[in-house]
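Please examine the structure shown here, with attention to its sheets and its aromatic rings.

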Amino acid sequence: MLPQRCVFHARTAANAAADSVLPLSDLATSDPAAYERALAKYDDTPERRRLRDTWIPLLEARWTEAVFLTPIHPHAIWRAWRDIAGTELPSQEFWAIPIDDVHRPVLFERRLSTTGEPIDPREVEAVDPQTFTTAQETTPRSADWIAHLAEKGRRGAWFHGTPHVLTRRPVPVGSAQIIDWQHP
């Protein structure tokens, strides 16, 4: 596996035994309790409640019907928190998933719309797995967000202001490598 051709998804106690990463909507039948817990995270603001039903152009799916992966190596996010906020985040595992294992991936980067608004089609583009390269640095928007939170003494939204690779199908993790974001 070439680490520069991977996308990443957090590996937690709740999903560590999974053989694939599923869209949230798939959990409604396979694990209703997990579905309800995951859906509840969208209840904090009206914008986030609308996000659940947001249509993703090109993917042709609603927000909850997509698997969200990051094209940015998680160590870049960890390093940005350390360098910008002076905070070394605790250990967190991720699956490093070969881009070739992601069915018909698209890249979504919110630049024109805001949370809860319809996504502008110009914010979504097909990913060519043959030319895909993992990003080794976070985005300027993410760095600004981290600085903003640090000024307020807060943490959260690790991947705010970053692009996401999305797919409609479950993403197998059998050939994924498990990494910790504390390590490059």
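Predicted model: local features only at pLDDT ≥ 70, side-chain atom pairs only at ≥ 80, totals over all residues.

Residues are numbered from 1 along each chain as its sequence is written, and side-chain values use heavy atoms, with hydrogens and water left out.

Strands are DSSP runs of E with at least two residues, numbered from the N terminus. Two strands count as paired if DSSP finds at least two bridges between them. On this basis, β1, β6 and β11 form, in that order, an open sheet of three strands with antiparallel pairing. Its edges are β1 (6-11) and β11 (177-180), each of which pairs on one side only. The twist from one strand to the next averages 35°; the angle is taken between axes, lines fitted to C-alpha atoms, and runs from 0 to 180 degrees between N-to-C directions. Four bridges join β6 (residues 93-98) to β11 in the antiparallel sense. Across this pairing, W95 stands opposite I178 in β11.

The other sheet is also open and antiparallel, with four strands in the order β5-β9-β7-β8. Here the edge strands are β5 (67-69) and β8 (124-126), and each pairs on one side only. On average, neighbouring strands of this sheet are turned by 30° against each other, direction ignored.

Strand β9 (residues 164-167) pairs with β5 in the antiparallel sense over three bridges, and L166 in β9 is the bridge partner of F68. Three bridges also connect β9 with β7, again in the antiparallel sense; in this case H164 of β9 is the bridge partner of F108. Which way do the side chains of β9 point? H164 and L166 point one way and V165 and T167 the other way, and all are buried, where buried means under 20% relative accessible area, exposed over 50% and partly exposed in between (1.4 Å probe, protein chains only).

G174 is exposed, with a relative accessible area of 78%. Its C-alpha atom is separated by 9.2 Å from that of A18, a residue 156 positions away along the chain.

The structure holds five aromatic pairs. Rings of Phe, Tyr and Trp (its six-membered ring) pair if their centres lie within 6.5 Å; planes under 30 degrees apart count as stacked, over 60 as edge-to-face and the rest as tilted. One of the pairs joins W63 and F68: the ring centres are 4.6 Å apart and the planes stand at 45°, so the pair is tilted. W63 is buried, with a relative accessible area of 11%.

The rings of F94 and W181 have centres 5.5 Å apart and planes at 40°, so this pair is tilted. It links distant parts of the chain, since F94 lies in strand β6 and W181 in the segment after β11, 87 residues apart. F94 is buried, with a relative accessible area of 1%, and W181 is buried, with a value of 0%. Ring pairs link F94 and W181, together with W158 and F159, into a cluster.
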